[in-house]
Amino acid sequence: MKSKINITLFLALCALIFTFQSCEATAEGDTAELEGTETESENLDPASTYACTITQSEFATWFDTGAITDGGMVNAANSLNELNSDCDTYKWSWQMFLWATSPTGTGNGDIVFNSDTFFDLLEDGTLVEEGGTLTRTMARSAQAGLGNFVFMCDSSKLTPEGAILYYAIHVNDVYAYFNTGKQMGKFTDMDQFPTTQKELTQIVNFAENRFEAKILDSLALTMELKTSWVKIDPNAADAKSYITMKSEIPKYTKVTDQQLLWDGISFEKATMALVGMHVTGSTFGHPEMIWATFEHKDNVPMANYQYYDSGDNLVSQTNFDEQGYLTGDAATANWLFFGKDANMVQANDPRMSVDADGNITAEARKTIGATQVYLTQPFGEAMNNPNAKTNTAIRTINEYITSLLADGDVRKNYNMVGATWTSNGVPGLPGGPAAIVEGSQQLANSSMETFFQKDNCFSCHYGGKLGGLSHIWSKMGELTEPSTKTTPY
Amino acid sequence: MSYLDYPRIHFSGQFQADPSTINNTPNNYNPAVYPEPNDLGEVELYWAPLGTSTFQFKECVVSRVDYSPTESATTSQEDPIIGQAVISVNNGGGSKLVGGVIVDLDPTQQNVSEVWGLEVQIGDGDTMVHGQFTAISFNAIWQQGQGPTTPRSSASGSAFYQSQLTSLTIDNKKESRFLTALNNKESLSINLVVNAHNNSPDTYLFNDETMLKMSFAGVDNSILEKLDPLKCMSMNRDESGTANAPGLIPTKKFTDFIMLQFISKEEYNLSYETIYKYATQQYQGSTNCDFTWGRIYGTIGEAEADEPSYFVASRMMNQTTLGVSTSQCATTPRQSPCYFTPFKTEVVEGGTAIILNLGNSLPTNTPDIGFYKEVLGTLELVALPGGNDINNAVCLAEINYLEDGFMTENAGFFTFIYTGELDLSTTPLGIVGNGSGSKELLLAEDPQGYYLRADQFVYRMNPGNTDPELGEKNTTSIHALKFGVPVADGTEIYMNMMSTYEAKKYTLGTLGESGTLGVENVSIPQNALIINDGVPVVKTTNGVATFDLKCTDPGNPRDYVNGQVYFLNYGFNEEAIKKDFIQDANDIVSVQVYDQNPKDDSVETLQKFGRIYKIMNFLTKEENIVSINYRNLISTYLNSPISSIKHMPVTRDLSLAELTEITSFIDGLNTPPPRN
């Protein structure tokens with residue numbers, strides 16, 4: 001993507017955008033009219049050459065009403081459109097996150113990723129639609145990872161006791177019907193995720209003709225979400241800053257300090273807070289998909305990093321002092337996964353893992369308990385090869401969007417860690433071509449790749465254009481019953 | 001009870017053994033052969049330098065249940081367990097697509113490849129049986145492919161894993177008669193015959209000729225110059241150290257990996273199509289299976305807690321000698337084309353059932369094309385009341401080894417009910433074939449019915465450590481039988497250590513080790529492992545002779561390879577027994593004795609593994625080892641129990657002393673400084 005835009009043209013476009021933004025704000029005055037955004041916008045730092053910004057008017061077009069409203073429905077990005085810059089890709093990622101987390105307005109507590117547009121993927125490959133609640137979340141189900149480690153946090157501000165992190169996987173209807181069609185021998189001319197109208201039409205027609213199903217938001221193309229959750233006390237003071245849902249979770253029995261047992265059948269209903277989300281989807285020119293990830297802003301501190309300020313001066317963001325303790329604003333924050341007195345050398349240490357039966361066992365020499373976690377690669381950039389430009393771009397788009405979101409919108413509390421894709425449109429494939437990774441080079445979500453932060457998404461998601469790329473591709477069962485999804489939200 | 005008893009199931013399909021092969025020679029442990037971690041011009045790559053160590057099943061399906069000698073099921077209507085998938089899983093990894101890992105004991109003992117961390121599950125929808133496979137090496141490896149064109153490698157080999165499934169979960173909601181008959185057993189006996197393993201990789205040639213073609217075809221010369229080191233790499237070398245086929249690189253996966261060590265991804269993408277067009281060599285697999293895959297034939301039956309875990313206390317038909325072969329150079333014994341065959345007899349209503357497991361016994365011409373009928377001819381199961389005198393052999397039954405499904409449905413089992421007068425419980429049995437043109441006794445039980453085997457036969461020992469499994473003391477149990485029942489108390493069993501000469505000769509004569517360079521200084525010093533306090537003979541009690549093993553520090557006799565390997569022979573001591581007794585040459589005990597003190601510091605030790613195991617190439621960089629993104633994972637894996645899939649194969653060559661040193665090193669990195 002970087003190679004597709006002339007930098008001079010890019011700067012010129014930026015200038016045009018800023019000019020247009022200024023004129024439009026003056027003419028319509030919508031910035032000033034939006035409650036809570038004016039003050040925050042004044043503090044923004046839009047002038048860095050490397051910033052990724054969005055105007056209020058552009059942002060408003062993401063909403064289905066054309067206005068930024070608290071909890072407003074955001075439309076899916078049109079993934080058939082070409083993304084012409086890194087910033088476009090970050091915006092696509094943000095729009096998809098906001099869309100996926102938009103309340104559907106149906107009155108039953110649905111948000112889009114848990115509505116008729118998406119299916120929950122269960123452990124056994126079954127696809128389930130269940131509005132209003134997460135069907136089920138499991139320890140480490142979404143992020144198998146080498147070792148199947150379990151992550152527990154000391155969420156004292158959310159729950160009275162340490163909490164296991166749980167995971168769920170969701171795919172949209174385009175993904176589900178495409179997968180089912182492939183299993184049924186359809187789409188023989190498609191060996192990668194759809195990126196064009198022609199391919200999308202085939203999938204839409206297949207869903208309608210074979211399953212009498214109307215695909216909603218088809219322009220999103222194939223979307224795969226992984227979500228991470230922590231059980232909370234819904235009455236806790238901080239609970240309102242999280243997107244929450246009801247879910248079944250395994251009911252564990254503590255046997256020893258080294259083992260939590262699950263009988264395989266007992267579940268409990270719990271209120272779960274969303275702490276992380278991978279947003280992955282195909283777009284025009286990117287069948288390898290764009291891999292973005294979001295976290296609650298209070299999850300973890302980032303390691304120290306650098307970015308460019310409005311004068312394009314390199315600024316150091318110091319979250320840890322030389323001894324490895326939190327410092328500055330990071331020391332006064334109330335992190336969910338990192339204690340105030342914790343030290344970074346003790347962090348990111350896997351303490352336990354879950355077995356195939358769902359039992360949780362401490363690793364050798366360790367006990368069941370919370371792990372201190374921080375993001376070792378801020379915005380997915382390597383410490384030994386920091387890219388302050390990428391840091392600047394992601395940091396500013398986060399600032400812009402969280403500022404522009406209406407006060408009270410719970411989505412203001414989430415940030416994008418980063419996004420990654422390849423410039424040549426392929427994941428790494430056996431015998432070539434190699435994936436030329438763009439965007440965040442070492443992207444990780446503290447709640448998901450907790451113990452594997454060094455790698456890039458494409459370090460694991462490679463080796464095939466479908467199954468090798470998307471690890472759930474070959475685990476999904478076929479959709480066998482006609483869907484009843486005909487009611488748009 | 002065992003898999004030879006009833007009830008039992010058979011299954012067949014394919015297995016994958018994908019070991020990393022750079023550790024196949026002691027020479028590759030020498031840091032001096034790596035000017036840079038990925039400068040491999042002096043290294044023997046062998047056939048899978050980027051192997052993952054995976055051991056797993058695919059397309060394995062239950063084909064038959066035997067409830068008794070006369071009752072069987074072959075359809076799911078008869079028993080719903082028929083047709084169920086048998087899949088390899090592992091607990092630690094959580095993925096149902098992966099099984100265990102396969103690990104050799106040492107570069108000088110590759111004939112005992114163990115499978116660790118494997119779990120076996122029957123049923124891929126509703127799990128009907130799930131159990132942990134107790135780690136063990138294969139045994140009874142022999143050259144099954146015997147035709148003139150069969151590969152001269154382990155691809156022609158066949159062997160079996162004999163172990164148990166423990167920590168069982170059985171769900172019988174499908175009402176399988178087999179599962180009902182198991183009656184809540186706590187462990188199962190499992191026998192896995194493995195053969196036809198395709199170890200011939202796809203190859204890519206980088207020499208002056210192919211690279212000139214690449215250049216003419218448009219590959220930038222600057223890229224080709226960077227790839228110049230590939231011209232020196234090779235899979236194998238001769239004894240002088242000269243590369244056998246310079247520039248021949250195995251597997252596309254490794255070729256990609258090594259190219260990307262020298263050129264950028266952009267340069268790779270610009271040139272890989274042309275490079276592969278001219279580098280790709282014609283492929284010929286050594287078997288019909290895909291590369292790293294082979295055939296597996298399994299049998300699962302009941303097991304009892306007090307039984308040996310790794311062999312079946314049964315009777316055994318031994319490989320016979322069929323006269324001599326004479327050539328211009330030498331006169332050598334002509335061995336039977338068939339191999340040792342476990343069996344049992346059981347009195348049943350109306351006669352005596354004879355149950356043979358021929359799954360690892362009959363030769364093929366080349367791997368995986370059916371049995372070698374031209375050599376075997378008609379096979380007859382015979383009684384040998386007169387000992388190994390074929391003239392007194394009594395034909396009991398013809399063996400239907402050429403029938404469809406003999407292996408794929410029955411896993412090589414043959415069952416016959418004898419109704420004659422002979423007392424088969426004390427009459428030796430054998431197999432006669434006429435493939436040579438006249439009848440020959442191809443397999444024969446010991447005339448007196450004797451058979452013995454060590455239960456566990458692979459040990460890792462650490463001097464100065466008291467760990468019950470891996471410490472400086474252990475015991476090995478030799479089970480001795482006569483016609484399938486324990487020998488009389490007081491039967492003498494000996495155990496002794498192979499000398500340095502014998503050890504080298506033995507190991508280089510095995511299918512797993514033959515042709516390996518750098519096998520030197522084997523089993524020295526001889527006094528680092530003490531057998532039974534120097535008392536070489538032990539008398540049996542209840543058919544078992546137990547030998548104590550105790551080790552001391554071998555003192556780093558192999559420099560860059562940790563510790564030393566010892567091979568222990570054992571057998572019947574009394575002349576009256578051993579005069580006719582034929583023992584499988586595989587039946588020895590292999591012991592790895594590690595150095596008591598680490599030779600290198602923690603970083604150097606881990607870097608060695610980065611060089612040898614290319615899937616852990618990140619370990620070659622010290623910055624990665626100390627990085628918080630890796631060090632806690634390294635520590636976690638290294639401290640996992642040896643039975644865990646996380647533990648092996650990373651630490652195959654590590655001593656407990658090295659493990660402790662690395663753990664302390666990482667703990668030190670994780671100790672926070674005082675807060676200012």
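This briefing covers the cysteines, aromatic pairs and charge-over-ring contacts of the structure. The model is predicted. Across all chains there is one disulfide, and the count of aromatic pairs comes to 49.

**Cysteines**
- The disulfide joins A:Cys52 and A:Cys87, with 2.0 Å between their sulfur atoms.
- This bond links distant parts of the chain, 35 residues apart: A:Cys52 lies in the loop between helix H3 (37-42) and helix H4 (56-60) of chain A, and A:Cys87 in helix H5 (residues 86-100) of chain A.
- The disulfide is right-handed because the torsion about the S-S bond of A:Cys52 and A:Cys87 is about 80°.
- A:Cys52 is buried at 1% relative accessible area, and A:Cys87 is buried at 11%.
- B:Cys289 has its closest cysteine sulfur in B:Cys60, 11 Å away, which is too far for a bond; B:Cys289 is buried, with 5% relative accessibility.
- A:Cys153 is also buried, at 0% relative accessible area.

**Aromatic residues**
- A:Trp291 and A:Phe458 pair edge-to-face, with 6.0 Å between centres and 75° between planes.
- That pair spans 167 residues, from strand S13 (residues 286-296) to helix H10 (residues 457-460) of chain A, and both A:Trp291 and A:Phe458 are buried.
- In chain B, the planes of B:Phe572 and B:Phe581 stand at 90° with centres 5.0 Å apart, so this pair is edge-to-face.
- B:Phe572 is buried at 1% relative accessible area, and B:Phe581 is buried at 14%.
- One aromatic cluster in chain A includes A:Phe119, A:Tyr175 and A:Trp473.

**Charges over rings**
- The charged end of B:Arg177 is 3.9 Å from the ring centre of B:Tyr67, over the ring.
- B:Arg611 lies over the face of B:Tyr34, 5.5 Å from the ring centre.

Key. Residues numbered from 1 in each chain as written. Chains lettered and ligands numbered in written order. Predicted model: local features only at pLDDT ≥ 70, side-chain atom pairs only at ≥ 80, totals over all residues. Heavy atoms only, no water. Disulfide = S-S within 2.5 Å. Helix = DSSP H or I, 4+ residues; strand = E, 2+ residues; numbered from the N terminus. Buried < 20%, exposed > 50% of the residue type's maximum accessible area, 1.4 Å probe, protein only. Phe/Tyr/Trp six-rings, centres within 6.5 Å; stacked < 30°, edge-to-face > 60°. Lys NZ or Arg CZ within 6 Å of the ring centre and 35° of its normal.
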